[in-house]
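Please have the sequence and the model in view while reading along.

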Amino acid sequence: MAFAELAESSAGVQLLQRSLERGRLGHAYLFAGNQLAELESVAHNLIKTLNCKSPKVGAADIPVDCCDECVNCRKIDNGNHADVRWVRPESKSRFILTNQIRDLISAINLKPTEAEYKTAVIVAGDRMKVEAANAFLKTLEEPPAKSVIIVLSTEPGRLLDTIISRCLRLTFGSGANPAFTDDQLRWVETFSSVAAENRNGLLGRYQLLGQILAALADMKTAIAERQEAASPLERYDDVDPKLREKWEDELKASIEAEYRRSRGELLASLEWWLRDVWLHTLQLGDELLSFTEFSAPAQTVASRIDAHDAQENIQVLEHTQRLLYTNVQEALALEVGFLKLKLG
Ligand SMILES: [Zn+2]
């Protein structure tokens, strides 16, 4: 299979092909998506494209897709190319173990024997034991020259932050392009224009923090009003105190559950906007953006930071989301996260 046939993954694939075309290939990638098999196909295609004997070339005469037929393409498909290494969870424990990572590190440090690049793919990277992940960090931080490391994961939230922050993250497959509600669109638009206008002083970031706290407070009020109107408490005045207490508890729990879900979605929309900023820093054009209607503010912010900072912003937000799932205090988690954002 060649990139051209991976229609479902098109936005991520386009992004990857464009980085190839512009000579901006990264050393370490995280491919995230819902289906491991699909992520493996994308990884196969990238490796074949890098090694193909008669690749399809883009505008700058740089390979952007493989032929899928030459001897290198076939070897890579059959898993017997000497310069390509795959690591998977061990069948029994379903974990990737430290000795597997050590083998991979020594293999990738050898000079390529027949290819231009050494490549290593870690399938289901979220199955790395902490010790294995730690063993891997130094190589991820300073990969050998002419090497590409690709981590595949359907549950990137389970990867160590230190791994995530060292990889260029690309999302593939369904779920790659989310739909936003009108409320989310309006909020992201306001947020982005405030972020673009403010230089990154403390005051500016507190202004952004104030903005999200206000949006969340409004959200909670609206959810409470909706749920209260639907609760049996509204309909019966004269009920047994025990039953009343039960209804009150249920109402409280259901407001909290819906609020948490909506808060997660609002922050996810902010994460997509930060991804837009990152895409701008890579200068990959507008059609991969999530918020094409108001791309100028993201462009402005992107002009003030580099791709690395833009990637870190996404990780900061993911980390904040994970903290909020634990029972950490909301305002504190948001404050810590927002003060770490680098918006130039
Ligand atoms: Zn080929």
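I call a residue buried when its relative accessible area is under 20%, exposed when it is over 50%, and partly exposed in between (1.4 Å probe, protein chains only). Helices (H or I, at least four residues) and strands (E, at least two) are DSSP runs that I number from the N terminus. The model is predicted, so I ask for pLDDT of at least 70 for local features and 80 or more for side-chain atom pairs, while totals for chains, interfaces and linings use all residues. I number residues from 1 along each chain as its sequence is written, and side-chain values use heavy atoms, with hydrogens and water left out.

**Entry: strand 6**

I looked up strand 6 and found 7 of its 7 residues buried, so the rest of the structure largely encloses it. In a regular strand the side chains alternate between the two faces of the sheet. On one side I noted Ser147, Ile149, Val151 and Ser153, and on the other Val148, Ile150 and Leu152; all are buried, so both faces of strand 6 are covered.

Next I checked Ser147, which is in strand 6. Its relative accessible area is 1%, so Ser147 is buried. For contact I take heavy atoms within 4.5 Å. Setting aside neighbours within four places in sequence, I see Ser147 touching His27, Ile108, Tyr117 and Lys118.

**Entry: the sheet**

Two strands pair if DSSP finds at least two bridges between them. I read the strand order of an open sheet of 5 strands as 4-5-6-1-7, with parallel pairing. From one strand to the next, I get an average twist of 20°.

I then followed the bridges to strand 6. Strand 5 (residues 118-122) runs parallel to strand 6 (residues 147-153), and 5 bridges join them. Ile122 is opposite Val151, and Ala120 has Ile149 as its bridge partner. Strand 1 is also parallel to strand 6 and joined to it by 5 bridges; there I find Tyr29 opposite Ile150.

For a helix, the expected span is 1.5 Å times one less than its number of residues. Helix 5 (residues 130-141) has 12 residues and should span 16 Å; I find its end C-alpha atoms 17 Å apart, which agrees. Its buried residues are Ala132, Ala133, Phe136, Leu137, Thr139 and Leu140. They pack against strand 1, helix 4 (98-109), strand 5, strand 6 and helix 6 (161-164).

Thr98, Gln100, Ile101, Leu104, Ile105, Ala107 and Ile108 are its buried residues. Among the elements covering them I list strand 4, strand 5, helix 5 and strand 6.

**Entry: aromatic rings**

Rings of Phe, Tyr and Trp (its six-membered ring) pair if their centres lie within 6.5 Å; planes under 30 degrees apart count as stacked, over 60 as edge-to-face and the rest as tilted. I count 7 aromatic pairs by this rule. Phe31 and Phe172 have ring centres 5.0 Å apart and planes at 70°, so I log them as edge-to-face. Phe31 belongs to strand 1 (residues 28-33) and Phe172 to strand 7 (residues 168-172), so this pair ties together parts 141 residues apart in sequence. Both Phe31 and Phe172 are buried.

Phe191 and Trp273 are also edge-to-face, at 5.9 Å centre to centre and 80° between the planes. Phe191 is in helix 7 (residues 182-197) and Trp273 in helix 9 (residues 241-281), 82 residues apart. I looked up their relative accessibility: Phe191 is buried at 0%, and Trp273 is buried at 0%.

**Entry: Leu266**

I finished in helix 9, where Leu266 lies. Leu266 is buried, with a relative accessible area of 5%. Not counting residues up to four places away in sequence, Leu266 touches Gln184, Trp187, Ile212, Ala215, Leu216 and Met219. Between the C-alpha atoms of Leu266 and Leu216, 50 residues apart along the chain, I get 8.7 Å.

Notes
Axes are lines fitted to C-alpha atoms, for helices over the stretch in contact, and angles run from 0 to 180 degrees between N-to-C directions.
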